[in-house]
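Hello,

Here is the structure I promised to pass on. Please have a look at it first, and then read my notes below.

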Amino acid sequence: GVARARETLPSVFSKSKTSNMSADPNAGIANVSIEQQATNALVGAGVARAREMWTKWREENLAMKPTKSWGVFFDKSKFSIPTTDAPSRLRSNASSFQGNYVVIFFVMLIYSIITSPWFLVSLGLIAAAWFYVFKIRAEPIKIGSREVSDREKTIALGILSVVWLWFSSATTTLFWIFGATMTVVSLHALFHKTEEDIEADFSSSFVGQNAV
């Protein structure tokens, strides 16, 4: 009985749907419109949720932390060879000295601009192109009769900027900046003691003094 009912239901449903469509030709269009609205609502809710999660993660992990004292940053007594859990030390120092590492990156960038005038010219031309397209040009950019959206202009300018940097040899300077920054940051984060290491050293020395 159950199997027969399952076989009967689809045919009844299709007949009912056909009769409804024949009775009202606009019913099918209305159903499609409702389904499309529901799909758009679900997609919009998913995008909003993803954006909320990204904002929360960015605030927790990418929020700029204050720069620590450079005396602490370069204190020789706080450097040691990691004996255990080097990745944990890297993560801890990367978070603790985030502001200092950003300053080092900009120092490398400024040094490269000063010592490589062509790199400065390349960056200036790219910045001028972006400024012209989004700030100075009042008329919309059109291809035929179609107006180019801001998203399409951003993608096109991004691709052209990468191509220009590549052919102008400025990519060599960029690789040097990122490579030098990552080398300095990695070495410092690996060999500088974390706050937990310093507290552990203090506790052990305090216990040793009391034992004596």
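The chain has nine helices and two strands, where helices (H or I, at least four residues) and strands (E, at least two) are DSSP runs numbered from the N terminus. Starting from the N terminus, the elements follow the order α-α-α-α-α-α-β-β-α-α-α.

Two notes before the details. This is a predicted model, in which local features need pLDDT of at least 70 and side-chain atom pairs count only at pLDDT 80 or more, while totals for chains, interfaces and linings use all residues. Residues are numbered from 1 along each chain as its sequence is written, and side-chain values use heavy atoms, with hydrogens and water left out.

On the whole chain: of its 212 residues, 18% are buried (buried is under 20% relative accessible area, exposed over 50%, partly exposed in between, with a 1.4 Å probe and protein chains only). The chain exposes about 16,000 Å², and carbon and sulfur atoms supply 67% of that area (Shrake-Rupley method, 1.4 Å probe; for residues, only the protein chains shown count as cover). Among contacts (heavy atoms within 4.5 Å) with a separation of 6 or more, 78% join residues 24 or more positions apart.

Now the core. The largest nonpolar core has 14 residues; such a core is a set of buried Ala, Val, Leu, Ile, Met, Phe, Trp, Tyr and Cys residues joined through side-chain atoms within 4.5 Å. Phe73, Tyr101, Ile104, Met108, Phe119 and Ile177 have the most contacts inside it. Two or more residues each come from α5, α6 (117–136) and α8, and α8 gives the most, with five. Leaving aside residues up to four places away in sequence, Met108 touches Trp176, Ile177, Ala180, Thr181 and Val184. Thr173, also worth a look, lies in helix α8 and is buried at 16% relative accessible area.

The aromatic rings come next. Rings of Phe, Tyr and Trp (its six-membered ring) pair if their centres lie within 6.5 Å; planes under 30 degrees apart count as stacked, over 60 as edge-to-face and the rest as tilted. The count comes to eleven aromatic pairs. One of them, Trp70 with Phe74, is stacked, at 5.9 Å centre to centre and 25 degrees between the planes. Here Trp70 is partly exposed at 33%, and Phe74 is exposed at 54%. Tyr111 and Trp176 form a tilted pair, because their planes stand at 35 degrees, with the ring centres 5.9 Å apart. This pair links distant parts of the chain, 65 residues apart: Tyr111 is in helix α5 (residues 98–115) and Trp176 in helix α8 (residues 170–191). Both are partly exposed, Tyr111 at 47% relative accessibility and Trp176 at 39%.

Ring pairs also join Trp70, Phe73, Phe74, Phe97 and Tyr101 into a cluster. Lys68 lies over the face of Phe97, 5.1 Å from the ring centre (the rule is NZ of Lys or CZ of Arg within 6 Å of the ring centre and within 35 degrees of the ring normal).

Last, helix α4 (residues 86–96): its buried residues are Arg89, Asn93 and Ser96. Seen down the axis of α4, they fall within an arc of 60 degrees, so they line one face of the helix; the arc is taken from the directions from the helix axis to the C-beta atoms.

Best wishes
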